[in-house]
Amino acid sequence: MKVIDSHTGGEPTRVIIEGGPDLGEGNLTERLKRMSEKYDHIRKSVILEPRGSDVWVGALLCPPVDKSCTTGVIFFNNSGYLGMCGHGTIGVAVTLAHMGLVKGFESGPVKIKIETPVGIVEVTMPDLNTASVQNVASYLYKEKVEIEVEELGFITGDVAWGGNWFFLADKAPVAITLANEAKLNHYAKAIKATLSAKGITGRDGAEIDHIEFFSEAEQTGADSKNYVLCPGNAYDRSPCGTGTSAKIASLATKGLLKPGQIWVQDSIINSRFEGFYEINQAGEIIPTITGSAYVHAESTLLRHTEDPFRNGIL
Ligand code: PYC
């Protein structure tokens with residue numbers, strides 16, 4: 001399989017550009033289901049050790065149903081599949097530009113559309129390495145949810161959708177620094193387990209599989225610094241595109257961010273996304289998230305038939 005690796009604010013995306021499974025016809029949700037049922041070994045082979053690690057997000061390019069889109073994409077990670085991924089969409093856009101599939105930069109910013117299982121996202125690229133992703137409609141689902149978490153006591157936070165489900169904790173249990181990553185990870189997992197045990201979910205019983213902590217900004221120009229626990233228990237090195245969208249939706253609903261007002265979100269490693277939102281005709285909050293990605297490898301992944309770990313270390 002030929003892959004192109006990039007990172008968006010430190011968070012890696014591995015795009016399968018050749019040799020991936022043919023998922024056939026149908027919408028992206030149907031094709032995601034087919035991949036999970038018939039080709040899950042490919043996800044594992046590409047993402048898990050020894051070819052990957054739990055920090056990777058993978059992206060399989062596939063033909064879009066809507067032909068105005070440059071590509072369709074299915075995102076996956078060490079634990080399964082993601083409906084949408086903000087840093088991953090920025091990584092895919094920069095990878096497409098690297099492959100020469102996004103053209104016209106000489107005449108100004110270029111717009112492309114990418115089809116995902118949760119909808120079509122529009123991406124504007126002012127240059128080869130920067131992408132603004134107009135995300136799917138995002139919303140605050142439950143405000144001020146209070147839970148009692150072992151070792152932490154009572155914690156409150158919002159449940160919000162930004163393309164994935166998030167618990168946006170009101171306070172970080174310890175300072176958001178890399179030195180505290182193991183503690184942040186431990187507490188975030190405890191919150192996730194408590195939400196699940198208490199039956200607190202997103203809409204239609206969906207699992208809340210991302211936990212987000214916030215603290216005061218450290219770097220000049222930022223509004224906040226975050227820590228995001230991803231579904232497979234790795235932390236997001238980037239400020240998390242869907243997490244920043246969920247935060248923007250929460251702020252907007254509480255009247256703390258106006259349409260068009262910029263929200264600058266730094267990550268635990270101090271990489272940065274900028275976001276804002278518009279209200280569409282249906283009255284929904286549509287966030288746009290801007291970040292930069294860099295391609296750092298073009299590789300061929302080999303799966304020897306006798307390699308006991310050709311489908312990853314489970
Ligand atoms: O940027 O949306 C995101 C994301 C989700 C999981 C990792 N990154």
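This note comments on the ligand site and on one aspartate in a predicted model.

1. The ligand sits in the largest cavity. Two elements each give two or more residues to the shell around the ligand, namely α3 (86-98) and α5 (241-253).

2. Composition of the shell. The residues around the ligand are Glu11, Cys85, Gly86, His87, His210, Cys230, Asp236, Cys240, Gly241 and Thr242. By class, this shell comprises 3 nonpolar, 5 polar and 2 charged residues.

3. From the backbone, an N or O atom of glycine 86 lies 2.7 Å from an oxygen atom of the ligand. Histidine 87 likewise places a backbone N or O atom 2.7 Å from an oxygen atom of the ligand. Threonine 242 contributes through its side chain, where an N or O atom is 2.7 Å from an oxygen atom of the ligand.

4. Cover of the ligand. Taken alone, the ligand exposes 240 Å², and the protein buries 99% of that area.

5. Aspartate 158. This residue is found in strand β10 (residues 153-161). Aspartate 158 counts as buried because its relative accessible area is 2%, which falls under the 20% cut-off. The side chain of aspartate 158 also makes a polar contact with the side chain of serine 250, at 2.9 Å.

Notes: Residues are numbered from 1 along each chain as its sequence is written. This is a predicted model: local features need pLDDT of at least 70, side-chain atom pairs count only at pLDDT 80 or more; totals for chains, interfaces and linings use all residues. Side-chain values use heavy atoms; hydrogens and water are left out. A residue is near a molecule or strand if one of its heavy atoms lies within 4 Å of it. A polar contact is a pair of N or O atoms within 3.5 Å; within protein, one must be able to donate a hydrogen and the other to accept it, and residues adjacent in sequence count only if both atoms are side-chain atoms. Accessible areas come from the Shrake-Rupley method with a 1.4 Å probe; for residues, only the protein chains shown count as cover. On a 1 Å grid over the protein atoms alone, a cavity is a set of points where a 1.4 Å probe fits but cannot get out, and a pocket is an open set with protein on both sides within 12 Å along at least five of seven lines; lining residues have an atom within 4 Å of a point. A molecule sits in a cavity or pocket if more than half of its atoms lie within 2 Å of its grid points. Helices (H or I, at least four residues) and strands (E, at least two) are DSSP runs, numbered from the N terminus. Ala, Val, Leu, Ile, Met, Phe, Trp, Tyr, Cys and Pro count as nonpolar, Asp, Glu, Lys and Arg as charged, and the others, Gly among them, as polar. Buried means under 20% relative accessible area, exposed over 50%, partly exposed in between (1.4 Å probe, protein chains only).
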